Structure formats: structure tokens, C-alpha cells
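Here's a quick tour of a protein chain for you to follow along with. Keep the model open while you read.

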Amino acid sequence: RRCDGPRVALDATAMIRLDLRSPATHSRIVNASPRGMLLVMPDARPVGTRIHVTVQLQGQRREIKVSGIIVHCSITENVDPRFGARAGILVTECEPDWVELCTTLAGK
């Protein structure tokens with residue numbers, strides 16, 4: 001059960017870091033809301049892991065920074081071998097652009 005309202009489809013490139021000093025790993029955002037997102041990523045990570053996401057929108061030069069906590073994660077059989085896990089992220093910090101993007105996508 002989601003507490004943050006409905007999520008909207010978002011197909012965006014994301015670069016993820018498990019801490020701010022680690023190298024970035026390529027990921028994709030599947031859906032989003034102002035308080036959460038679903039990522040496909042290379043490997044499963046434990047629930048409670050802090051994650052930093054840089055959202056890169058196709059056709060735009062801007063990037064949006066979002067931080068959160070993994071609240072669920074599962075291994076998936078995916079057509080793309082680069083993304084073997086799905087992770088639900090509870091957003092704990094974000095730039096105002098993130099909320100604006102989600103609101104725009106939801107048509108509000």
C-alpha cells in the first residue's frame with residue numbers, strides 16, 4: 001500500500017550512488033511521485049539503504065537531484081541484463097524540480 005498517492009509513468013535515465021563518494025551507476029526510473037520512485041538497477045540492495053539519484057531527462061540538459069531510502073527491492077528477470085533488480089525508493093530529499101516534474105506528469 002502506497003502512502004504517497006498515485007505514481008505516474010516516467011522513463012528517465014538515472015545515475016545512482018549509494019554514497020556521495022562512490023562512482024555513479026546507470027539506472028532507469030520506471031515510475032515516480034513527489035515522495036517515491038521505482039528504479040530498475042543492476043543489483044538488488046538491502047531495504048534501508050540510502051541512495052542518491054541524479055535524474056537525467058531526455059532532450060533536456062538539466063539534472064534533478066533526489067535522495068531517498070530503499071523500501072523494497074527484488075530481483076527481476078528483465079529483457080535488459082543491465083537491470084536485474086527493481087527498487088522502491090522513499091524520497092527523503094529532493095530539489096523543487098522533482099516535485100514540479102511529478103506534478104506536471106500527473107496533469108495537476
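**Strands side by side**

In this predicted model, β5 (residues 63–75) and strand β6 (residues 85–94) pair in the antiparallel sense, with nine bridges between them. Strands here are DSSP runs of E with at least two residues, numbered from the N terminus, and two of them pair if DSSP finds at least two bridges between them.

- H72 has G88 in β6 as its bridge partner.
- On to strand β4 (residues 50–56): seven bridges join this strand to β5, and the two run antiparallel.
- R50 sits opposite I69 in β5.
- β4 and β5 make a hairpin with six residues between them, and G59 in the turn has a positive phi of about 80°.

**The whole chain**

- Starting at the N terminus, the order is β-β-β-β-β-β-α.
- The radius of gyration (taken over C-alpha atoms) is 13 Å, close to the 13 Å from the globule rule for 108 residues, so the chain is as compact as a globular protein of that length. That rule is 2.2 Å times the number of residues to the power 0.38.
- Buried residues (under 20% relative accessible area, 1.4 Å probe, protein chains only) make up 38% of the 108 residues.

**Reading notes**

- Residues are numbered from 1 along each chain as its sequence is written.
- Local features need pLDDT of at least 70, side-chain atom pairs count only at pLDDT 80 or more, and totals for chains, interfaces and linings use all residues, while side-chain values use heavy atoms, leaving out hydrogens and water.

Key
Helix = DSSP H or I, 4+ residues; strand = E, 2+ residues; numbered from the N terminus. Buried < 20%, exposed > 50% of the residue type's maximum accessible area, 1.4 Å probe, protein only.
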